[in-house]
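These are my notebook entries on one structure. I set out to record helix packing, aromatic rings, charges over rings and a few single residues.

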Amino acid sequence: DHLDEVKHAALPAPAAVSIYGKARRESQSRGGALEWDHSMVQLIFEQLANGTPPASIPANIASHAAIITPGAKVVELPSLDFVRRCRPALRVLCETLAAYRLDTAKEWEQLFTDGTGRRQVALQNLVLSIIEDDEIQPLVLSTSIILEDETSERQVEAIVEMISTAGQRLERWTEVMEEMYPDYIHNIPDPSSMNIGKLGYGGALTTDTCNGARKTRRLLVDLVKTAAEEMMAAADAGTIARVLEVDCWNHLRNVWLGGVIKSFSAFLNAALRNDLDEIDPRLRVSTSMDSVLRAVDREFSLCANYPKGHGDLFRGWIEENHPGAMLLHVERASGSRQDLSVEGAGAVYWNRKYWIEFLDERLRLPGDNVLQENLFVVLSSLHMVALARVCSILHLAVCLPMRWLAGNSHTLHEYDWSVRCMGQAADLLEAAMEEVKVDGARLLEEDFAMGIFDKLVNKLPPLSLYLTHMYEVKAMAVIGGGDKAFPFSALRAELFSPSSQTNKDSTVIATSLASVAAASILSELRDEKKATASYLSSLEGVFSWGQTSAIDHAAGMRKKASNDDAERAFGNLTSQLQFYGRVGLGSAGGVSQARANGDLSRGHERRSQKKKSSKGKVGTFHLLPEQMRLSLIAVAMKDAAAARKADQAALSRQRAAKQQKEKLAKERAAEAKTEEYIDSLYYRDMYASEACWMTPAAVDAALAKLSSKAAKLRSLKENIRMRTIGLGWKEYSTAWSKDGVEHTPEYLANHLKNIIQLGQSKVVPDEPPVAIPTRKALPKLGSEAADVAAMDSARRLDESDLKDKARRIRLEREAAGIGDRYELMQPASQPAIDGQLVGKRLEVLCEYDMLEEEDPGLAWCQGLVVAVSDGTNLTVRGDLVLDGTERGRKRAVYTAGEAVRICWDANEEMNEESTEQNIRLLPSKWNPKNNYRAGCWRFDLSNSARLM
């Protein structure tokens with residue numbers, strides 16, 4: 001009875017006026033369809049923006065109705081389908097609000113953009129920052145622009161089109177607003193003010209540091225300047241357009257450290273080559289810090305996410321054996337952040353003494369555990385201890401200050417700091433690494449290493465406070481609870497003044513690794529193909545502090561030094577796509593945009609008990625007058641379907657472009673394979689000719705006849721190609737140079753002789769092989785399916801077609817005078833004009849009067865050598881006149897080895913019978929390599945004359 005009294009006392013009076021269900025709009029006729037009220041749509045929007053799964057929203061609404069308005073009558077709840085259809089409408093609402101805020105701003109401070117791929121779709125995002133309430137406010141305009149292709153030109157077009165679309169959103173809002181409230185005076189801005197030229201008043205463009213992103217930025221700079229100049233001209237302002245280019249300094253830092261990690265691995269692999277060769281491959285032992293971090297995360301992470309790890313067991317072990325110990329968090333080296341390798345190294349260096357003791361106990365138990373064996377081998381290596389030590393020092397000395405500067409540059413304007421001042425940090429790092437490169441021990445000196453950026457620490461009090469906080473305030477619980485420990489302070493002390501004997505013993509190796517790190521960082525900094533070189537004063541980089549003008553310095557104030565806003569936008573999008581597997585890209589983008597811009601926020605962060613100091617703001621949507629809010633919801637719902645269709649059209653265009661690109665790639669690949677086969681046909685013919693040297697002795701004899709180094713190299717390369725290309729013996733391929741130095745004829749001759757010797761046991765193919773990609777040889781499971789056999793048969797037909805096409809193209813080209821297999825098949829040096837030439841067939845290039853041509857034509861004429869001049873036997877009189885050189889000669893006979901007597905073949909095409917004539921053979925006209933003139937001669941390797 002008492003319980004019933006409490007229940008009845010707790011129930012408020014029924015609120016019969018509140019009804020949850022669909023209703024007709026006031027403007028609709030009696031027979032119009034029922035619709036959800038705008039307040040219900042707004043409620044769904046807010047729950048989506050707050051991260052509520054769509055499937056939970058109807059149930060949440062029912063719970064809210066029952067608890068907050070217990071007397072309300074719930075007639076109907078929104079369906080799951082309706083809730084899902086609200087997601088693209090939310091995107092329209094957020095894009096419109098972003099355009100509203102951007103259009104209202106007189107100038108745009110900074111543009112951030114990034115590209116990525118999700119679901120095999122190329123996407124671009126766009127973030128623009130403005131000043132609101134004297135604070136930098138980044139606004140996500142879109143997280144899911146679907147590109148036609150990933151070229152820089154298309155990215156720029158997509159960005160400009162997105163800004164134009166934002167203007168169209170405002171235009172649509174105005175139309176619906178005036179339709180719903182014709183007498184209401186609104187403040188929706190003019191869509192024409194959505195102009196990228198607003199960045200030209202000292203704004204900045206920020207991208208990643210890859211070549212493609214930098215090209216996109218350069219194109220955008222030109223576009224911004226042009227648009228800004230047009231705006232200034234229209235406003236009759238004498239201002240000069242100015243826009244800054246900014247690289248993401250987080251990416252720059254990762255590029256440096258990525259090079260360092262690779263250099264460390266190369267150095268250790270060389271130093272430990274013998275040991276690595278002897279270690280069982282199944283242990284997968286690596287000198288890469290990335291691999292070490294992945295392994296320790298699997299084995300020792302106290303989160304115990306890896307099923308085969310022992311994180312939970314290790315927790316109990318360390319609580320029992322080392323109560324009060326400080327255990328650093330294991331950083332998982334995943335993703336594309338190279339600085340995680342140095343960030344996670346501190347845990348390896350510090351925790352190693354506990355891990356190695358735990359592993360020692362575990363490995364004394366029966367059974368095998370590859371992961372534990374791998375870790376014991378790695379963690380017991382003094383070289384790897386030194387690696388962890390140097391990586392940890394780089395994290396504390398370089399990574400932490402640079403990361404803070406990259407994330408806080410826009411807040412330091414009161415200290416005369418602009419985004420261009422980041423070049424000062426690069427200059428200081430360069431100077432420090434110059435010293436470490438010469439003397440690696442310098443990096444192990446605490447005052448030097450931790451003082452690399454002292455000049456900036458003294459200039460920037462917030463940076464000094466941050467470092468003080470990290471070393472003197474930031475604390476963590478020790479094992480078993482109780483006192484707090486200061487992890488960064490303790491790690492720093494052990495790095496520079498080790499108490500452990502093992503850590504002390506690592507000093508010599510660490511010194512060498514420090515020099516390796518410095519050389520690598522300097523190489524990365526000064527590589528003019530990469531972005532950092534533009535910031536070095538020593539190279540007079542275009543963005544360096546030494547080249548920064550006072551105007552650019554002023555413009556760089558309050559500009560961010562990273563592309564984190566664009567990266568974060570993609571992070572929110574990825575979260576939506578991962579959590580809701582089938583959600584559309586645009587729908588996921590709408591929710592992520594709402595969360596990023598906070599348009600629907602109620603300012604709850606500020607009112608949250610745990611976040612009383614938070615700067616949570618009421619979202620822009622709630623600050624609008626009621627008429628504007630309702631009209632915005634209306635336009636969002638109306639245009640959602642069109643937005644979805646636009647996404648589908650963009651996706652179709654991208655797919656069509658991909659298919660066309662794939663088609664063109666296949667065609668180009670087929671053309672390339674055809675050209676390769678044509679080359680292989682030539683080399684196969686050359687292999688079967690006198691141009692090929694078949695024995696080591698023939699190699700020496702042929703080289704002895706060639707006087708120049710160039711001729712020797714050319715002939716040796718061709719003979720090697722006859723085998724590697726003409727016969728398909730790719731395994732005998734060799735480079736023609738090493739480290740920029742061309743190999744000598746002696747080197748290539750020895751290589752050719754080796755091929756000849758090895759080739760004696762190989763089968764010489766009748767025709768060159770076709771380099772068509774083949775499927776990897778895989779085992780069969782039972783009987784092979786018929787369609788697989790059919791596919792293989794079709795591929796064989798493709799191969800046959802390619803061969804036929806290649807042969808046809810070669811014949812067509814040769815008929816047109818392009819290429820000449822018989823020229824290539826000649827010996828490398830001119831044959832001696834002596835008795836050995838008798839009985840050989842030659843062809844000579846002769847002039848013919850062509851009926852339809854003004855100039856005489858050239859044709860190869862073939863014949864058999866029946867005699868060679870010996871100074872007495874061949875007369876000059878009656879000689880065939882090939883050109884003017886023979887006219888007016890007084891001699892009666894040719895000298896020995898000067899001429900031959902040829903019995904010409906009959907030529908039906910020219911109506912010529914077989915005759916014998918004396919022909920003078922000039923050495924300068926032997927097989928002239930495309931320099932065709934009358935009198936050129938060579939061996940006859942065909943049976944027909946060919947008109948040139």
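I took helices (H or I, at least four residues) and strands (E, at least two) as DSSP runs, numbered from the N terminus. The model is predicted, so I note that local features need pLDDT of at least 70, that side-chain atom pairs count only at pLDDT 80 or more, and that totals for chains, interfaces and linings use all residues. Residues are numbered from 1 along each chain as its sequence is written, and side-chain values use heavy atoms, with hydrogens and water left out.

**Entry 1. Two loop residues**

I looked up Asp134, which lies in the loop between β4 (121-132) and β5 (135-146). Its phi is near 60 degrees, a positive value in a residue other than glycine. For accessibility I used these classes: buried is under 20% relative accessible area, exposed is over 50%, and partly exposed is in between (1.4 Å probe, protein chains only). Asp134 has 55% relative accessibility and therefore counts as exposed.

I then turned to Asp739, in the loop between β10 (737-738) and β11 (741-742). Phi of Asp739 is also positive, near 55 degrees, in a residue other than glycine. With 76% relative accessibility, Asp739 counts as exposed.

**Entry 2**

Two packed helices are described by the angle between their axes and the distance between the axes. The axes are lines fitted to C-alpha atoms, for helices over the stretch in contact, and angles run from 0 to 180 degrees between N-to-C directions. I called angles under 35 degrees roughly parallel, over 145 roughly antiparallel, 65 to 115 roughly perpendicular and the rest oblique.

The axes of helix α2 (residues 38-49) and helix α27 (residues 626-687) come within 10 Å and cross at roughly 75 degrees. The two helices are therefore roughly perpendicular to each other. On the α2 side the contact (heavy atoms within 4.5 Å) is made by His38, Val41, Gln42 and Phe45, and on the α27 side by Leu630, Ile633, Ala634 and Met637. I sorted residues by class: Ala, Val, Leu, Ile, Met, Phe, Trp, Tyr, Cys and Pro are nonpolar, Asp, Glu, Lys and Arg are charged, and the others, Gly among them, are polar. The contact of α2 with α27 has six nonpolar, two polar and no charged residues.

How do α27 and α29 pack, by angle and by distance between their axes? Helix α29 (residues 709-724) packs against α27 at an angle of about 105 degrees, with the axes 8 Å apart. This makes α27 roughly perpendicular to α29. Tyr683, Met686 and Tyr687 of α27 meet Glu718, Arg721, Met722 and Arg723 of α29. By class, the contact of α27 with α29 divides into four nonpolar, no polar and three charged residues.

**Entry 3. Aromatic rings**

A pair of aromatic rings is described by the distance of the centres and the angle of the planes. Rings of Phe, Tyr and Trp (its six-membered ring) pair if their centres lie within 6.5 Å; planes under 30 degrees apart count as stacked, over 60 as edge-to-face and the rest as tilted. I found 18 aromatic pairs in the structure.

Tyr100 and Trp173 form an edge-to-face pair, 5.6 Å centre to centre with 65 degrees between the planes. Tyr100 lies in helix α4 (residues 80-104) and Trp173 in helix α5 (residues 152-180), so this pair ties together parts that are 73 residues apart in sequence. Tyr100 is buried at a relative accessible area of 11%, and Trp173 is buried at 0%.

For Trp249 and Tyr535 the ring centres are 4.9 Å apart and the planes stand at 70 degrees, so the pair is edge-to-face. Trp249 lies in helix α7 (residues 249-271) and Tyr535 in the loop between α21 (507-526) and α22 (550-555), so the pair ties together parts that are 286 residues apart in sequence. Both Trp249 and Tyr535 are buried.

I also recorded one aromatic cluster, formed by Phe300, Phe314, Trp317, Trp355 and Phe358.

**Entry 4. Arg87 and Ser587**

A charge sits over a ring if NZ of Lys or CZ of Arg is within 6 Å of the ring centre and within 35 degrees of the ring normal. The charged end of Arg87 sits over the ring of Tyr580, 5.7 Å from its centre. Which residues does Ser587 touch, not counting those up to four places away in sequence? Ser587 touches Arg87 and Pro88. Ser587 is found in helix α24 (residues 585-597) and counts as buried at 12% relative accessibility.
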